[in-house]
Each structure stands twice: as structure tokens, then as C-alpha cells.
Amino acid sequence: MASLQEPWLLENGNLKGSSKEIRHGRTAHNMSSSSLRKKSDLTLVSKVRCGMLRHLLTNLQEVILGTKLTVLFPAIPLAIAAECYGFGRPWVFGLSLLGLTPLAERVSFLTEQIAYYTGPTVGGLLNATCGNATELIIAIFALWQHKIEVVKYSLLGSILSNLLLVLGTSLFCGGIANLGKEQKYDRRQADVNALLLLLALLCHMLPLLFRISAASVSLTEVPTLQLSRVSSIIMLLAYITYIIFQLVTHRQLFEAQEESEEHGDDLSEETPVIGFWSGIVWLVGMTAVIALLSEFVVGTIEDASESWGLSVSFISIILLPIVGNAAEHAGAVIFAFKNKLDISLGVALGSATQISMFVVPLCVIVAWILGIEMDLNFNLLETGALALSIITTAFTLQVIYIYIY
């Protein structure tokens, strides 16, 4: 059974967490990924006498070997070698997808490390922009190559996978693993995310309805594009306002609540394991590698589609979101097993909100700048699936609350 608890962490602008985590800017996204991390043994590294070499080895130990997904890192040089030496294009696509999996988790780790030094405001802002960096970079490269359908399908797939696959699996597995126990979640977090998702749905439906209502598609092509751009600007402004409300203008309200709470949780206070500038350098480097692999993915998706017998839409909607966010999604399910449903909700709802309210409209604006005509019309079937997913999610969470109270 689920019940309510106070907000305690900041996930994509949602305040949730203990005061220790708020001070360091930890997020549900970070905590979800942390379930796949492992403690590094620095015994041998500490014996190195050269300070610069010891610092470099410590960083390599923490960043490269500090995750259970280390075994997937060899896929990165293999993908680069496959591209350089002209191996089969489907191999390049598959290896690039595997290489993106640990990189997405490491970006979350690095933003958390930087947040230790910058505080919760900048840390939350970093997470609000880097939480779905993989999807954003893939979308921008697809836009650059004028593959608008790949952009739409991949972003739609990310929203659907978060709402249906991740949230659904978390609720199901958490309920089965904690039979007879009370599962807690913050209703306000769910309500705010649901309202933002409904706002995004409205902005997606307006261009579709406008185009369907006209007798000729050619007559509505330009107005639909203009309506999409205006709607995108409104969504971006709404998302920015939401971030400011949570991080700046009303942050003290949540901090006051936390000070009155007892800190009897089992979460130990953590300290950064790498330096601030080391984290910046690693974050820039990881982003560059993600950009390279994203270019490989976008450039080889048609070849993989032909070789594997799968449509581009299926690969974009199903494979790209699942593989690109495998670490984050697995962490959400793991925390649901541990009866920490708030973290699972923060990952699934927060990520879906960030994509729909930030990544999608940002892609429309970027396409506008590049002179590419991308609108918010995701076609009838896709928009219908999005509407049913959002409405079902909001209805389910409300029914749980009504059932309890």
C-alpha cells in the first residue's frame, strides 16, 4: 500500500530528499544511478608516490571502474574501430548503443560530484539540463541530418518508456516485493509532474487537431509549424519557471521542513571522491564521447533497420530509449524493490517531464534556428498513445491516493 510523505529530493526540479542530499544537490536521478555503482579500492593507488600520477589513477579508478557497468566500456573503442575500419554498419549501431549505456550513468555520477561543490541550486540546474543528455544529443544529431522522424520517435519513446515500462515495472515489482508493507510516495511530486505532462500533451495535441480540422494539409502546414514553435516557447518558459520556483524562490520553504524532520534515515553522509575541476573535465569528455557515439547511432540506424528486419520507428521508439537509459531504469526498479518508491517516481515522472517540457520544445527551437521545419505534430497514433499513457499514469496515482484516504 502506498501513502504520502514530505518532498525530500530534487529530481529534475522536484524537491525531494534528506537535508544531507539537498545540501549536496543529490537527485532521484543520481540516487537511481548510484544503485549500479561500486566502492573503489584505492589501496594500491594510494601507494603511488607521484602526486599527479596518483591523482590521475584515482580519477580513473572512480570514474571508469566505479560502476557495475564497467564491462560495457570496451564497446566504445570497438564502435570507433568498427566505424574507422568499415565494419558492418549494424555492428557500429549496436556497439554504439552499448557504449552509451555506461556513459549515461557516468554523466549522472559526475553531475552529482560537481554538485557537492556548487550546492543544490547549481546541482539541480545541472541535473535539469544533463539528466537526459543522451536523448538530447542524439536528437540534435538527428536534426542536423534532417531525420525529423527519428527525433520525434526517439523522444516519444523516452516518454512512453518512463511512464509505462519504468513506472509500471517499479510499481509492480515494489508491490510484489513488499507485500504487507506500506509503500510511501509524495503526492505533490506526482501531481506537479502530472500537470506538467498534461500541459505538454495539450501543446502536442493542438497542432494535430489543427491539421486534422482543415480540408487540405497544405493549407495548415505553415500555421501548424508556427503554432508548434509558439507552443514550444511556452513549454520552455513554463519549465524554466518551474525550475526557478523549486530551486530559488521557494527553496527555503522546503529547507525549513527538512530542518524540523528527524534524520533517522539509513543514508550516510557522503563526500566527493573527485575534485571539482576533475569533474568538469570528465563531464566535458564524457559528453564529447556521447556526441560521437550519438552520431554513429544516427548515421547507422537505417542500416541496422534493414539488417535486423526492424522498422526505424520501432528502433527509435523501443530500442533507443531502453538502451540509452538502461542504468537509470534499472536503478528505479531496484529502489522499488527496496521500498523506496519516491525515488522510482522521481526517476520515471521527472525524466518524462523533462523530456516533454524541455527536450522536445528545445529540439523544435533548435530546428527553427537551423532552418529545419520540425513541429509538434507526432501523428494521430503516436499522439494518442502519448495521451493514453499520461492520462493512465495520472489516473492511477490519483486512484491510489483515493484508495488510501
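**View A. Cavities in the predicted model.** Three cavities of 30 Å³ or more are counted. A cavity is a set of points, on a 1 Å grid over the protein atoms alone, where a 1.4 Å probe fits but cannot get out. The model is predicted, so local features need pLDDT of at least 70 and side-chain atom pairs pLDDT 80 or more, while totals for chains, interfaces and linings use all residues. Residues are numbered from 1 along each chain as its sequence is written, and side-chain values use heavy atoms, without hydrogens and water.

**View B. The second largest cavity.** Its volume, the space filled by probe spheres set on grid points joined across faces, edges and corners, is about 70 Å³. The lining (residues with an atom within 4 Å of a point) consists of L97, T134, E135, I138, S154, L155, S158, L320, P321 and G324. Helices α8 (133–144), α9 (148–177) and α14 (312–324) each give two or more residues to this lining; helices are DSSP runs of H or I, at least four residues, numbered from the N terminus. By class, the lining has five nonpolar, four polar (Gly counts here) and one charged residues.

**View C. Two annotated segments.** The unreviewed UniProt entry places "transmembrane region" features at residues including 192–210 and 349–372; such annotations may be inferred rather than shown by experiment. Residues 192–210 are 100% helix and 0% strand, with end C-alpha atoms 27 Å apart. For residues 349–372 the figures are 88% helix, 0% strand and 30 Å.

Methods: On a 1 Å grid over the protein atoms alone, a cavity is a set of points where a 1.4 Å probe fits but cannot get out, and a pocket is an open set with protein on both sides within 12 Å along at least five of seven lines; lining residues have an atom within 4 Å of a point.
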